[in-house]
Amino acid sequence: MAAVELTTSRLLVRRFAASDAPGLHAYLSRPEAVRFEPYPVQSLADCERLAIERAVSPDFWAVCLRDSGELIGNLYLHRCEPLAWRTYELGYVFHPDHWGRGYATEAAAALVSSCFEDQGAHRIEARCDPVNAASWRLLERLGFRREGCLLQNASFVDDADGNPVWKDTYLYAMLAAEWVG
């Protein structure tokens with residue numbers, strides 16, 4: 001059974017609520033926060049829609065400071081097909097004002113631990129842009145290993161002529177047997 005919320009020494013990792021729209025907007029409206037995401041900065045109206053969608057999705061987790069309850073980021077944990085393979089995909093986006101404090105590592109470690117221990121995951125994967133050193137360093141701190149570099153496998157924007165701008169992607173993964181949480 002999947003957890004409803006997780007706590008760490010500094011954080012509460014919980015399911016989203018429709019009322020999280022302003023907190024979501026606080027970071028998804030920042031260009032540096034969404035620089036490596038497949039979507040542009042989000043308006044408050046976009047975040048109102050997203051908060052409602054995330055409130056009913058099993059894939060999204062709100063990351064809040066325990067002391068204040070402030071929403072500072074989100075985690076994504078999606079169970080991949082085929083389900084029998086027990087493989088999940090991890091992602092994260094955090095408010096730039098809270099970067100460099102270890103919050104993403106702390107929150108992701110709690111969710112990864114829950115995924116392996118409570119949900120019976122066999123494997124967790126994560127992908128990131130090779131240019132996004134903060135992201136792949138976070139994965140390496142968690143114990144994920146780089147399995148490869150997928151060449152020109154993703155495009156989120158087109159150039160001036162309407163052609164896709166292709167990006168490379170690092171593929172990271174960890175097996176349940178490797179987790180030392």
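Residues are treated as buried under 20% relative accessible area, as exposed over 50%, and as partly exposed in between. By this criterion Glu 140, with a relative accessible area of 38%, is partly exposed. The model described here is a predicted one, and the values that follow are computed from it.

The secondary structure of the protein comprises four helices and eight strands, which follow one another from the N terminus in the order β-β-α-α-β-β-β-α-β-α-β-β. The radius of gyration is 16 Å, close to the 16 Å that the globule rule gives for 181 residues, so the protein is as compact as a globular protein of that length. Along the principal axes, the C-alpha atoms occupy a box of roughly 50 × 35 × 30 Å. Buried residues make up 44% of the 181 residues, and the accessible surface amounts to about 9,500 Å², with 54% of this area belonging to carbon and sulfur atoms. Of the contacts between residues at least 6 apart in sequence, 59% join residues that are at least 24 apart.

Helix α3 covers residues 103-118, and at 1.5 Å a residue its 16 residues should span 22 Å, a value with which the separation of 22 Å between its end C-alpha atoms agrees. This helix is mostly covered, 13 of its 16 residues being buried. It is followed by Gly 120, for which phi is positive and near 70°.

Helix α4, formed by residues 133-142, has as its buried residues Ala 133, Ser 135, Trp 136, Leu 138, Leu 139 and Leu 142. The cover over these buried positions includes helix α3 together with strands β5 (87-94), β6 (123-128), β7 and β8. Just after α4, Gly 143 adopts a positive phi of about 100°. Within this helix, Leu 139 counts as buried because its relative accessibility is 0%. Leaving aside residues up to four places away in sequence, Leu 139 touches Leu 90, Tyr 92, Ala 126, Cys 128, Phe 144 and Tyr 172. The C-alpha atom of Leu 139 is separated by 18 Å from that of Val 34, a residue 105 positions away along the chain.

Thr 87, which is placed in strand β5, has a relative accessibility of 9% and therefore also counts as buried. Its contacts, when residues up to four places away in sequence are not counted, are with His 78, Arg 79, Cys 80, Arg 123 and Glu 125.

Side chains of opposite charge can pair when their charged atoms come close. A search of the whole structure finds 12 salt bridges. In one of these, the side chains of Arg 10 and Glu 106 meet with an N to O distance of 2.7 Å. This pair links distant parts of the chain, since Arg 10 lies in the loop between β1 (5-7) and β2 (11-15) whereas Glu 106 belongs to helix α3, 96 residues apart. Arg 10 counts as partly exposed at 32% relative accessibility, while Glu 106, with a relative accessible area of 16%, is buried.

A salt bridge is also formed by Asp 97 and Arg 30, whose closest N and O atoms are 3.3 Å apart. Asp 97 is located in the loop between β5 and α3, and Arg 30 in the loop between α1 (21-28) and α2 (44-55), so the pair ties together parts that are 67 residues apart in sequence. Both partners fall in the intermediate class of accessibility, Asp 97 being partly exposed with a relative accessible area of 44% and Arg 30 partly exposed at 23%.

Glu 140 is paired with Arg 146 in a salt bridge with an N to O distance of 3.5 Å. Arg 146 is partly exposed, with a relative accessible area of 36%, and the corresponding value for Glu 140 is 38%. Elsewhere, salt bridges that share partners join Arg 123, Glu 125, Arg 127, Arg 145, Glu 147 and Glu 178 into one network.

On the surface, Phe 156, Val 157 and Val 165 form a nonpolar patch with about 260 Å² of accessible area together. Val 157 is situated in the loop between β7 (145-154) and β8 (167-175).

Key
Residues numbered from 1 in each chain as written. Predicted model: local features only at pLDDT ≥ 70, side-chain atom pairs only at ≥ 80, totals over all residues. Heavy atoms only, no water. Patch = residues over 30% accessible without salt bridge, like charges linked within 9 Å, V, L, I, M, F, W, Y side chains within 5 Å. Areas by Shrake-Rupley, 256 points an atom, 1.4 Å probe, with all protein chains shown as cover. Salt bridge = Lys/Arg side-chain N within 4 Å of Asp/Glu carboxyl O. Helix = DSSP H or I, 4+ residues; strand = E, 2+ residues; numbered from the N terminus. Expected span 1.5 Å × (residues − 1). Buried < 20%, exposed > 50% of the residue type's maximum accessible area, 1.4 Å probe, protein only. Rg over C-alpha atoms; globule rule 2.2 N^0.38 Å. Contact = heavy atoms within 4.5 Å.
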